[in-house]
Amino acid sequence: MWNVGTRRQLFLDQRFIERSEGVRLRMNPPVQHPEPVLTADRPWECFGIGAYNTAMLEADGRFRLWYDATALGGGPAEGARRLGYAESEDGLTWTKPDLGLIEFQGSKANNIVAPLLERQSMQGATVLRDEAALEEERYKLWTKYRPTDDEMAAGVKPGLWAMHSPDGLRWRYYEGQPDHRGACDTQNMLFVDDRLQCYVGYTRVSATQHRDEAADAVGQPYRSVGRVTSTDFRHWTPLQIVFEADGADTGMPLPEENESGRPCVDIYTSCAMKYPWAEDVYLMLPAVYYHWGRKQFPATLDVQLLTSRDGISWGRAGDREPFLRQGFDGSSTSGMIYANPWLIPVGDELWLYYSGTARLHRNPRPGEDREALARRTGIFRASLRRDGFVSADAGYGGGTLTTPLLTFEGDRLEVNCDGSAGGWLQAEVLGEDGLPLPGLSLAEADTVRGNSLHQPVTWRGGDLAPHAGTPVRLRFVMRGMKLYAFQFRDGG
């Protein structure tokens, strides 16, 4: 039995579906807007906008973006990759301010915020605003970091480094670096988990590889996602593998024999985060890397959707279909795409930024113009309704959905639903014996129609308040309806 209180509950999985008929869970991909919101146009971005970026909406209404400015390809060779900064008033048109913080080619007239020295390099940074931290540590980031050649010769180690800042612009390294946990050549995710009261991080597993039955079937290891936690952002638990390609991935039908000698699918980045607007919702938007032919052909990536109730056990939505798809051939999203944190609420929508490139995940072929490929990179925007990742859908013939026993607080019920033109929904409240409660039966239910994030569910003369705190079930009867979420509210 679930105590849902007045917290929003999403139909991500079977948690709130005890019985159903004519209803199925459906993944709802966002709208991907084809025009980039940020492109490479500065000398320190001459190899393009990289895969690893962070977008944030501040309380004062500013959109902020920390992005992967690349001057060389591949991993963080000396001086290859930096963290650039941009701002926007609307999330669509961005400016790159001259901050005067970090020197590049003899000048500080640039928007670079990290690393601190020009010949240092970083890859895979995620920026977090930590509301509970001290002011000087209000912003945190995790990144793969490479010292200069001279620093490495003096004994400074590369690896997973953490930084802190009072404003997201002026960064300093934490002491005791680096954390050698994992190879970290990914977007290194971190967030504060209010359910667990700790920091949670996701990166690659040690040496970036892991073996299991699926990998052993092909005889080669492959990339996977690991998870760590910390109560102080300094001391972390051992790395735990929480997601990897499985036998269905590595054994998927291929148009030709796998000549790569490796499993044909890797999980490249995680983009794992906790969804803050509902209870017990974790999302992962991993970039899935396909390679089965010679020289890693086709060497392409798109993005899937995973959901979890604890951030450890993950289920795939949409039967492994893409949540974010590649763009038309030849476009700046035709080679590789990567989802970037965070989800940004704008009106009734959530905005998700993602990076795209026409490049493939391999070295350019002889004769390919690296600079031309670099110009075909950028950061793009996708949008979807709030809570809209997965819905319980009833088709033209109608369907029913009954929740398990739950207790609630409040005196009214709302649903997030979309019935378009002809869809409708009715609900009844059942007691522990499975019978409708007086005044809350289907015969007394008002019909819900339309498309709303907060659609009231009512009954003619029925009153929910007397049943608060007692075990009940909700039974939804609907046709042509997408049901995303429900929530009990307190009208007082």
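In which loop is G397 found? In this predicted model, G397 is found in the loop between strands β30 (390-394) and β31 (399-402). With a relative accessibility of 80%, this glycine counts as exposed, because the cut-off for that class is over 50%. The C-alpha atom of G397 is separated by 7.7 Å from that of G22, although the two residues are 375 residues apart along the chain.

The protein as a whole contains four helices and 37 strands. Its radius of gyration is 24 Å, close to the 23 Å that the globule rule gives for 492 residues, so the protein is as compact as a globular protein of that length.

Burial and contacts were examined over the whole protein. Of the 492 residues, 56% count as buried. When contacts between residues at least 6 apart in sequence are considered, 65% of them join residues at least 24 apart. The pair G397 and G22 has a sequence separation of 375 residues, with 7.7 Å between the C-alpha atoms.

The accessible surface of the protein amounts to about 20,400 Å², and carbon and sulfur atoms account for 49% of this area. The protein carries 54 positive and 66 negative charges, and the mean positions of the two sets are 3 Å apart.

Strand β13 comprises residues 159-165 and is mostly covered, with seven of its seven residues buried. It is joined to strand β12 (residues 139-146) by seven bridges, and the two strands run antiparallel. Within this pairing, A162 of β13 stands opposite W142.

Strand β13 also pairs with strand β14 (residues 172-173), again in the antiparallel sense, over two bridges. Here M163 has Y173 in β14 as its bridge partner. The strands β13 and β14 form a hairpin, and six residues lie between them. In the turn of this hairpin, G168 has a positive phi of about 80°.

For G397 the relative accessibility is 80%, and the residue counts as exposed. For strand β13, in contrast, seven of seven residues are buried.

Key: Residues are numbered from 1 along each chain as its sequence is written. This is a predicted model: local features need pLDDT of at least 70, side-chain atom pairs count only at pLDDT 80 or more; totals for chains, interfaces and linings use all residues. Side-chain values use heavy atoms; hydrogens and water are left out. The radius of gyration is taken over C-alpha atoms; the globule rule is 2.2 Å times the number of residues to the power 0.38. Buried means under 20% relative accessible area, exposed over 50%, partly exposed in between (1.4 Å probe, protein chains only). Contact means heavy atoms within 4.5 Å. Accessible areas come from the Shrake-Rupley method with a 1.4 Å probe; for residues, only the protein chains shown count as cover. Lys and Arg count as positive and Asp and Glu as negative; His and the chain ends are not counted. The place of a charge is taken as NZ of Lys, CZ of Arg, CG of Asp or CD of Glu. Two strands pair if DSSP finds at least two bridges between them.
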